[in-house]
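Student: I have a new structure open and would like to learn how to read its features. Could you take me through some of them?

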Amino acid sequence: MNGSALHRIRLQRGTALAVRVGAEIRPDEVIGLRREPLAPISVPVARPLHRKPTEIAETLQVRPGSRVHAGEVLARENGHEVTSPQAGLVLAVSRGDGSILLAPLGPEQPVIGHVRGRVHAIEENALLVEVPAARVRGVGGSGDAVHGELVVGVHNPEDELRAAAIDVGATGKILVGGSRASAEALTRARAMGVAGIVLGGVLDKELRDFEAIQRRRREAGGMTGSFGLLLLEGFGKVGIDPQLFGWFRAHAGRMASLFGADGLLYIYDAGAAPTRRPVPTVGDRIVAHRRPFQGRGGVVVALLEDLHAASSGIATSMALVRFEDGRLAPVPLANIEAIVAPEAR
Amino acid sequence: MLVDNGSAWTKGAVVGRSRGRWRIAAHAAQPSTWDDADLVAGLAARLGGHADQRVTERLQRILTDAPRIACHTPARPGRLALVAVSADLSGRAARRAAESAGWVVAEAATVDDGRSAAERLVALQAAEVDAWLLAGGFDAEGGEMALDMAGLVAAARGDGHSPVVWAGSVQLAARVAALFEAGAVRAVANPRPAADREDPLPLRRYLEALLERLVEPGGARQLAPVGFSRAVAELARASQLRIVGIDLGARYATWVSADGGGHAESRILASGGLASPTITVPGGPARIAHSLPIAIDELAVADALQNLRARPGALPQTDEELAIVHGAARALLAELAADESVPDGADLLIGAGLTVAGAPHPAQAMQLLLDGVRPLGVTQLAVDSAGVLPPLGALGNDEIAEGIGTLRDDLLTPLGAAVVSQGGRAGHTAFRITVHRIGWPSLGPVEVRAGQLVLLPLGRGQIAELEIELESGVMIGTPRRARRSHATVMGGAVGLALDARDVPLVLPRRTDDRRAVLASWRDALQREPARPAAGAA
């Protein structure tokens, strides 16, 4: 059975919506238009109306915050008028020099939703879309909203996504990496036009370095396109849980939408993804979330009675877990989650 | 049952009658993602060995049906756009008031933020906020720049309906209101009425009320930070003590300072907790790595802090992770304390929240409070280990005194007392102290050198009279000329800490020296307190 989710698209103030409730939208469809404000210009008012700068208040037809069209009257006095030279937003009125500060609005830019689905509701500055897709929620992420075909870029869920493995074949796609990717690999992916990357883990420093590189490129004006990153498990070198990795493999080639800042991935027309459940019981397959077992999978072989101290000294409920590498270890129940296969739900 | 549904952990406590008295019979904590049935099962398991055998089999049913007093962390914080003239004057005062009232400043724009007007406008248009806070201009002068910034907000807000708060020059209030639709703007007293004066309290109060109205209408008392504040105030009133309470949660941090009359001032920081972004900003992990007594790579610290944010319901499993979490807690407590002043010190310092109150060893809890808050003078220290203060604070005005009074003996776990001094020359004696314990031989005089932390035995409930003699240049919050002072203290799970490490803490620059000093402080509190030889610590 295919999944379905409700997704909220946040819209910047001033966006003119081009869709209505009930409309079907595609990931690359223009859902609205927006005009960015540009560097403000000063429109003289006092001089053309032959008034002192301190007297222009009574002549004004607009106030700060007003949105005006080109040619709209800004001020009027005895048949004389001052009109707006461009469409824009009135920011301020200066009593010092008797002028209006106007932020002209730039050319119309399309607003893309990056999701496929039906518009469910329109809220103030947001759009709710019913998405016919399986949703995977990560623990974090960064970057833009993107969409593209899902491809798997590593052989095993614990492999690192190497820079050398990213080529033009991944352009415009969402690439499932493994346990980590370096800042170099992320930079190369972006340069190759990869739409987004899904990782089990990433080192905080690598992510910071990558973001710093992007910031510098943006400031220098040399950056085009969007890029999003989804982090599934945590920070550090953390593999993707093998069951979820297998599910990604099974759905390679499907269209997907990634929302880095929201930590969300949608895969369209896909069967439900494996999920997680707190408080595993004996026999459950689990994934651990804290060191020294972070990202490792295993099976719960026993739940310990009473409270037991972890090596940090914290007394808590513990489970005895047989990890995939054969180790048997007590782990706080709070630090593990059961992996629930879709057919088991 | 008393239940505190936190953003990461849920704490539950069972109140039962034992030998004619209401007691906290059991308490448990679990990640908030777990079911209520798990909490009930956990509490029943804790009670199992102590409950009347006739009800042992039915404990889970009894607990499920038991009346509850519950509170919760706000589902989401209020988000605010702050627009001011100057980041350091009007902006700073307004930000402090907003953050203290529990708001998150989602976007801030000031004339001196280095951006163009168009960039500011775009950023404000993109901000997802519940309200707009405008500040700027001194009351005596007005200020056209503040009006320009108000215009920027009017342009960014467009046809939105979110409220606008004007907290700038009183002379501009009418002109600012004219920029928006009727009724949109509420003028509040300027938190920076003059260059040399800051008065954020009226704005803080108004923003607290606005937050209640917008984000949690009708249920403010059930909010854990509010409940904690009310419970601390009631404790202060009932005990006539000056109490400082600090609740360090995953998302929120709450600081409450209450006097003996029960008058409390609180600050609620929606982004002040351990999973807040403030500790992972550039420089944050390095600062925390710097404060650890063991060598942990800064990169590992950064990853661990990010994981704390990503999964706040998980527990530190290794020593290293616990050290990092405690390092982060100390840094956050220090930030909170730096913004507060506790007039004439506090009689009692209460630590709450799982990291502080649930530290594996009581000495770790004491060190978190001492290192983070640096309470100058003689202070009792305790923790809310059962997590019952926030839910008790959710009781109505006519019930809270009874609730706190009924459970008073069980509410807090006493850690002991501390004497914290400021000043002194490194390596030289900072103060001498003689401890007279009722029914036991006196200890001392014990000499405590500047930079030293000494622990003396003083068991739970044991009362001691302290004679303190300060060296020149050393203070403990008493009048400057008073070199001798007396105090009465009560012991606890840790003992009596004599702390001459200065306020704020001073650490050696060399890494090895710093770690050695930090480890010696840790060990001083965690090892069994020894009876010192007279005249030396």
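Student: Let me begin with one residue. Where is the place of B:Arg460?

Tutor: This is a predicted model, and in it B:Arg460 sits in the loop of chain B between β19 (453-456) and β20 (463-470).

Student: Is B:Arg460 buried, exposed or partly exposed?

Tutor: The idea is to count neighbours: a residue with 20 or more other C-beta atoms within 10 Å is buried, one with 12 or fewer is exposed, and those in between are partly exposed. B:Arg460 has 14 C-beta neighbours inside 10 Å, so it counts as partly exposed.

Student: Which residues is B:Arg460 in contact with, leaving aside its neighbours within four places in sequence?

Tutor: They are B:Pro414, B:Gly491, B:Gly492 and B:Ala493.

Student: Next, backbone angles. What is phi of B:Gln240?

Tutor: Phi of B:Gln240 is near 55°, a positive value in a residue other than glycine. Look for B:Gln240 in the loop between α8 (224-239) and β10 (243-248) of chain B.

Student: α13 brings me to helices. How do α11(B) and α13(B) cross?

Tutor: To read a pair of helices, take the approach of their axes and the angle between them. The axes of α11(B) and α13(B), residues 362-373, come within 7 Å and cross at roughly 40°. That angle is why α11(B) is called oblique to α13(B). The crossing of α11(B) past α13(B) is right-handed.

Student: Which residues make that contact between α11(B) and α13(B)?

Tutor: From α11(B) come B:His326, B:Ala329, B:Arg330, B:Leu333, B:Ala334 and B:Ala337, and from α13(B) come B:Gln364, B:Leu368, B:Asp371, B:Gly372 and B:Val373. Sorted by class, the contact of α11(B) with α13(B) has six nonpolar, three polar and two charged residues.

Student: Let me try another pair. At what angle do the axes of α3(B) and α7(B) cross?

Tutor: Helix α3 (residues 90-100) and helix α7 (residues 201-215) of chain B have axes that come within 8 Å and cross at roughly 40°. They are therefore oblique to each other, and their crossing is right-handed. In this contact B:Ala94, B:Ala97, B:Ala98 and B:Ser100 of α3(B) meet B:Leu203, B:Arg204 and B:Leu207 of α7(B). The classes here are five nonpolar, one polar and one charged.

Student: How many residues of α3(B) are buried?

Tutor: Nine of the 11 are buried, so α3(B) is mostly covered. Among the buried ones are B:Gly91, B:Arg95 and B:Glu99. The cover includes β5 (78-84), β6 (103-110), β7 (131-135), α7 and β12 (264-269) of chain B. After α3(B) comes B:Gly102, with a positive phi near 100°.

Student: How far apart are the end C-alpha atoms of α1(B)?

Tutor: They are 18 Å apart. This agrees with expectation, because the 13 residues of α1(B), 36-48, should span 18 Å at 1.5 Å a residue. Buried residues of α1(B) include B:Leu39, B:Val40 and B:Leu47, and their cover includes β2 (9-18), β3 (21-31) and α2 (59-65) of chain B.

Student: Where are there cis peptide bonds?

Tutor: One of them runs from A:Arg291 to A:Pro292, with omega near 10°. Another runs from B:Val503 to B:Pro504, with omega near -5°.

Student: Finally, how many residues does each chain bring to the contact between chain A and chain B?

Tutor: Chain B brings 43 residues and chain A brings 42. On the chain B side, α4 (117-126), α5 (144-157), α10 (298-310) and α11 (319-338) each supply at least two residues. The largest share, eight residues, comes from α5(B). By class, this side of chain B has 22 nonpolar, 13 polar and eight charged residues.

Conventions. Residues numbered from 1 in each chain as written. Chains lettered and ligands numbered in written order. Predicted model: local features only at pLDDT ≥ 70, side-chain atom pairs only at ≥ 80, totals over all residues. Contact = placed C-beta atoms within 7 Å. Helix = DSSP H or I, 4+ residues; strand = E, 2+ residues; numbered from the N terminus. Nonpolar A, V, L, I, M, F, W, Y, C, P; charged D, E, K, R; others polar. Axes fitted to C-alpha atoms, helices over the stretch in contact; angles between N-to-C directions. Parallel < 35°, antiparallel > 145°, perpendicular 65-115°, else oblique. Left-handed = near helix turned anticlockwise from the far one by under 90°. Expected span 1.5 Å × (residues − 1).
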